[in-house]
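These are my notebook entries on a structure that I looked up for the first time. I kept them in the order in which I worked.

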Amino acid sequence: RIWLIAYAPLIVWIIVVLGLGTGIGSMNETSRFIRPLLEFLFPDASPAKLLQYHGYIRKLAHFAEYAILAFFAYRAFKVRRPFVLAILLVAAVAIADEMNQSFSSSRTASPNDVLLDVIGGASTLFLIWLASRVKRSN
């Protein structure tokens, strides 16, 4: 039961991340709900500007989904070298996701996305480390 509590959220989130790396998470698919929202928020924006904003939102989503992955990995690996194992897992999933995307006609693979993913994970781990330092000093 302890193993399930520690690892189930991590495994489920890895499945979510890798699932979003398929055609389900392509720009064409996300534009179905992001584009109307952007048109509502920015009615005077040009189509090119809306596309740019959509791209920013997608990059922010990369950052956020891997930040969450790092949190779940840290939580699961808390017993042994959680920071090292968590960042290694984040990098491995990011690389696997981009490799998977390279085989999809509706997706593009980019080393920059791997870097962004790792930065998202590292940011969460840094915040966890910082919070632990503050907690120890109090």
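I began with rings, and for these I let the rings of Phe, Tyr and Trp (its six-membered ring) pair if their centres lie within 6.5 Å, with planes under 30 degrees apart counted as stacked, over 60 as edge-to-face and the rest as tilted. By this rule I counted seven aromatic pairs. One of them joins Phe42 and Tyr53, which I noted as tilted, with 4.8 Å from centre to centre and 50° between the planes. This pair links distant parts of the chain, since Phe42 sits in the loop between helix H2 (27-41) and helix H3 (47-76), while Tyr53 belongs to helix H3, 11 residues apart. I also wrote down that ring pairs link Trp3, Tyr7 and Phe77 into a cluster.

Before going on I recorded what I was working with: this is a predicted model, in which local features need pLDDT of at least 70 and side-chain atom pairs count only at pLDDT 80 or more, whereas totals for chains, interfaces and linings use all residues. Residues are numbered from 1 along each chain as its sequence is written, and side-chain values use heavy atoms, with hydrogens and water left out.

Next I looked at the overall build. Taking helices (H or I, at least four residues) and strands (E, at least two) as DSSP runs numbered from the N terminus, I found five helices and zero strands in the protein chain. The C-alpha atoms fill a box of roughly 50 × 40 × 30 Å along the principal axes. With contact meaning heavy atoms within 4.5 Å, I noted that residues 24 or more positions apart account for 70% of the contacts with a separation of 6 or more.

How much of the chain is buried? I used under 20% relative accessible area for buried, over 50% for exposed and partly exposed in between, with a 1.4 Å probe and protein chains only. Of the 138 residues, 30% count as buried.

I then turned to the interior, where a nonpolar core is a set of buried Ala, Val, Leu, Ile, Met, Phe, Trp, Tyr and Cys residues joined through side-chain atoms within 4.5 Å. The largest such core has 18 residues, of which Leu10, Tyr66, Leu69, Leu89 and Val93 touch the most other members. Helix H1 (2-20), H3, H4 and H5 each supply at least two residues of this core, and the largest share, six residues, comes from H3. Leu89, leaving aside its neighbours within four places in sequence, is in contact with Leu10, Ile14, Ala73 and Phe77.

My last entries concern two single residues. Ala109 lies in the loop between helix H4 (82-102) and helix H5 (111-137), and at 38% relative accessibility it counts as partly exposed. Beyond its neighbours within four places in sequence, Ala109 is in contact with Glu98, Gln101 and Ser102. Between Ala109 and Ala6 I noted 103 residues in sequence and 31 Å in space, C-alpha to C-alpha. Arg32 lies in helix H2 and is exposed, with a relative accessible area of 61%. The C-alpha atoms of Arg32 and Arg75 are separated by 34 Å, with the two residues 43 apart along the chain.
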